Amino acid sequence: MNLIISSIVGALAAGAVAIGGVQAYQGSTDQKPVSDAELYTYSSE
Amino acid sequence: MTRPGRATTVDVAWSAGIALVVLGPLLVGPGYWLFGDMVFVPHQPWKPAWLGLDGALPRAVPMDALVSVATQVVPGSWVQRALLVGGFVLGGLGVARVVRDHAWYARAAAITLLLWNPWVYERLLIGQWAILLGYLVLPWVVLAARRVRDDPRRGWAQAAVAVGVAAVCSPSSGVMAVVALAVLAVTRDRRTWLVTATVGVAANLTWLVPALTAETVDVATDGVFEGFAARAESGAGLLPSLLSLGGIWKTSVLPEARTSTILVLLSCLLTVAAAAGLRRAVRNHPGEWRRLAALGLGALVVAALPAVPGGAGLVEDLAERLPGLALLRDSHRFLAPLGVVLATGAAGAATAAREQVRPGREALWSVVGLIVAAPVLLLPVLAWGAGGELERSSYPREWDEVADLLADAPGTVVVLPWTGSYRGYGWNDGRAVLDPAPRYLPGEVLVDDRVLLDDQVVPAEDPRVEVVRRALAADDPAEALRAAGVRWVLVEKGLAGVVAVAGETVHDGDGLALVDLEPGGEVSAGPLDGGTGSGTTVLVVVGHALSGVCVLLGFGATIRRGSDLRHVT
């Protein structure tokens with residue numbers, strides 16, 4: 001039982017870290033410099 | 001069982017640790033975090049507007065007044081640090097007190113989920129620090145409601161403090177606190193109704209009176225609910241986003257992790273665990289889990305309403321009849337109570353997992369650990385100022401020089417470019433930030449407060465903005481501005497859309513130019529003169545006084561009777 005529990009917990013944690021890491025590596029937020037058009041538009045994009 | 005003093009130390013240490021990890025970049029050097037709506041200045045001069053005495057909609061009343069007073073004593077950068085770190089620590093301590101009869105790891109689970117979730121990330125990235133502080137007050141509202149239920153005659157004091165502090169943070173925080181108090185505190189005992197109603201109204205008078213007496217307000221509702229509606233972050237759809245405390249309308253601030261369907265669904269697993277643990281979390285307070293569940297569900301419905309088909313139109317129709325509902329246009333912020341409910345439930349989930357540990361199942365301890373760490377694993381980018389994105393900046397020296405010039409020769413200032421109120425200064429690495437001029441400079445400082453959405457412009461709430469727009473479009477903008485009562489034009493250089501205005505340039509720096517219009521002709525006492533009538537002023541001041549007295553009396557009574565800070569049941 002311990003092995004099963006550990007495997008599930010480990011898989012969940014490792015999966016979250018791996019997916020989050022890949023996603024974070026691929027992109028970022030708009031706190032970086034923005035163009036005037038983006039700046040003045042209270043935009044969702 | 002952990003001793004009370006030691007438990008408090010553990011909770012404070014855990015909360016402070018999370019605060020340091022999240023806010024670290026702000027704390028390790030000089031400067032400010034300036035992005036979105038987060039604007040602090042070295043010394044914020046006092047203005048009647050900070051108390052809502054300018055007739056405009058009280059968006060930051062009375063928080064601006066308190067920040068202004070504080071920055072007369074300590075630099076604004078210290079105030080910013082104190083508010084953010086203090087808010088995190090007190091918020092964490094508050095939710096730990098809500099689940100105080102649980103072991104340290106369960107309280108740690110509650111603290112972690114409260115302080116580390118997509119709602120916190122998204123509100124921080126959008127710069128809404130006051131809304132964030134209002135959210136961190138909510139656990140104390142839960143505690144206050146518990147006291148009111150147990151003994152209305154004594155519980156009013158904590159309720160007054162908690163709701164009062166929330167109302168200071170922002171009007172929407174005050175409303176959330178009152179609704180939370182009502183859902184959690186009201187019983188068949190009429191005294192609980194009386195306490196909730198009295199405290200709810202009195203504590204919120206500080207912004208309610210300025211809002212009701214504002215003379216120059218025209219709140220637009222046309223299309224704004226749809227523009228600011230919560231959104232699906234990933235392919236999983238809207239509901240999983242909201243259930244996992246994400247879904248802000250401004251999708252550009254989303255961490256990449258939230259665009260992953262798998263991660264959002266994994267986050268929902270944490271939500272399910274927390275919801276399942278809610279009853280266990282507050283087992284010693286009969287019936288409270290139902291109230292908390294109702295509060296969380298209500299928050300979810302309010303957040304989702306403008307985003308569901310027909311929802312935006314419905315709220316828009318209602319807001320045309322009840323202007324106060326315009327408050328709901330950024331409905332995602334009202335998801336905040338769900339964060340507190342889930343954080344509470346996380347403690348119950350951790351405790352329930354621990355109770356299943358027995359010989360042969362020792363690995364269930366890892367489930368406990370996973371519940372504690374899951375918020376961080378699911379959103380690691382919140383660490384260290386959004387993964388280093390949030391860097392500190394310092395104002396150029398010329399901002400002080402312009403402030404000194406305006407202090408010596410007061411007059412209404414118009415800030416150009418007249419194209420929305422967000423700026424991307426080079427010295428701030430081009431990050432979009434609310435123009436600091438109204439807070440940095442003395443006197444009446446007007447910026448364009450129209451809200452520019454992707455495909456529409458939400459009209460300005462302040463008619464004075466429209467007067468300035470027409471003046472700038474005139475053949476002779478300088479003459480038109482003088483006729484409107486404007487003496488100064490501040491040009492923020494390096495930004496597009498600046499209209500040339502003739503006048504005497506008294507400051508011409510790298511980033512700012514200050515133009516005096518007075519040498520070109522007489523500046524009239526025009527329609528831009530802000531302020532309220534004497535009757536309204538008295539009403540507003542009385543409102544602030546009543547709110548202040550309510551909070552101070554509550555604070556005094558709370559101190560005398562013993563505080564939740566002492567971890568005493």
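Which residue does the side chain of R470(B) meet in a salt bridge, and what is the N to O distance?

Reply: The partner of R470(B) is E466(B), with 3.6 Å from N to O. A salt bridge here is a side-chain nitrogen of Lys or Arg within 4 Å of a carboxyl oxygen of Asp or Glu. Side chains of opposite charge can pair when their charged atoms come close.

Before going on, note that this is a predicted model, in which local features need pLDDT of at least 70 and side-chain atom pairs count only at pLDDT 80 or more, while totals for chains, interfaces and linings use all residues. Residues are numbered from 1 along each chain as its sequence is written, chains are lettered from A and ligands numbered from 1 in the order in which they are written, and side-chain values use heavy atoms, leaving out hydrogens and water.

R470(B) and E466(B) both belong to helix α20 of chain B, where 4 residues, or about one turn of the helix, lie between their positions. (Helices are DSSP runs of H or I, at least four residues, and strands are runs of E, at least two, numbered from the N terminus.) E466(B) also forms a salt bridge with R469(B), and there the closest N and O atoms are 2.7 Å apart. R469(B) and E466(B) are 3 residues apart in helix α20 (residues 463-472), so about one helical turn separates them.

How covered are these side chains? E466(B) is partly exposed, at 30% relative accessible area, and R469(B) is partly exposed too, at 34%. Buried means under 20%, exposed means over 50%, and partly exposed is in between, using a 1.4 Å probe and protein chains only.

Another salt bridge in chain B joins the side chains of D448(B) and R450(B), at 2.7 Å from N to O. D448(B) counts as buried, with 0% relative accessibility, whereas R450(B) is partly exposed at 22%. Elsewhere, D11(B), R97(B) and R107(B) are linked in a network of salt bridges. Over all chains, the whole structure has 23 salt bridges.

Next, the wider layout. Chain B is divided into domain 1 (4-391 + 547-566) and domain 2 (398-435 + 445-520), with bounds from an automatic or database domain assignment. Taken over C-alpha atoms, the domain centres are 35 Å apart. The two domains meet where 24 residues of domain 1 are in contact with 19 residues of domain 2, contact meaning heavy atoms within 4.5 Å.
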